[in-house]
Amino acid sequence: MGTSAVSVFGGGYPGYGANIGPATVFGHQVGRDIAAHAKERDARPE
């Protein structure tokens with residue numbers, strides 16, 4: 001179980017650092033989404 005439960009590698013764990021790539025991509029996408037929502041929120045008149 002643990003980090004390999006929902007890995008892009010299925011149930012396997014190919015080695016150390018296998019989570020870094022997917023975590024970096026996910027973090028980047030989340031950051032872009034948060035920035036877009038903040039920009040929309042700031043553009044609304046009060």
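Residues are classed here as buried when their relative accessible area is under 20%, as exposed when it is over 50%, and as partly exposed in between, with a 1.4 Å probe and protein chains only. The structure is a predicted model, in which local features need pLDDT of at least 70 and side-chain atom pairs count only at pLDDT 80 or more, while totals for chains, interfaces and linings use all residues. Residues are numbered from 1 along each chain as its sequence is written, and side-chain values use heavy atoms, with hydrogens and water left out.

The secondary structure comprises 1 helix and 0 strands, where helices (H or I, at least four residues) and strands (E, at least two) are DSSP runs numbered from the N terminus. Of the 46 residues of the protein, 7% count as buried. The protein exposes about 4,100 Å², of which carbon and sulfur atoms supply 62%; such areas come from the Shrake-Rupley method with a 1.4 Å probe, and for residues only the protein chains shown count as cover.

Valine 30, which lies in helix H1 (residues 20-43), is partly exposed, with a relative accessible area of 33%. Together with Phe26 and Ile34, Val30 makes a nonpolar surface patch of about 300 Å². Patches are made of residues with over 30% relative accessible area and no salt bridge, like charges being joined within 9 Å and nonpolar side chains (Val, Leu, Ile, Met, Phe, Trp, Tyr) within 5 Å.

The structure holds 1 salt bridge, defined as a side-chain nitrogen of Lys or Arg within 4 Å of a carboxyl oxygen of Asp or Glu. In this contact the side chains of arginine 41 and aspartate 42 meet at 3.4 Å, N to O. Aspartate 42 is exposed, with a relative accessible area of 58%, and arginine 41 is likewise exposed, at 52%.
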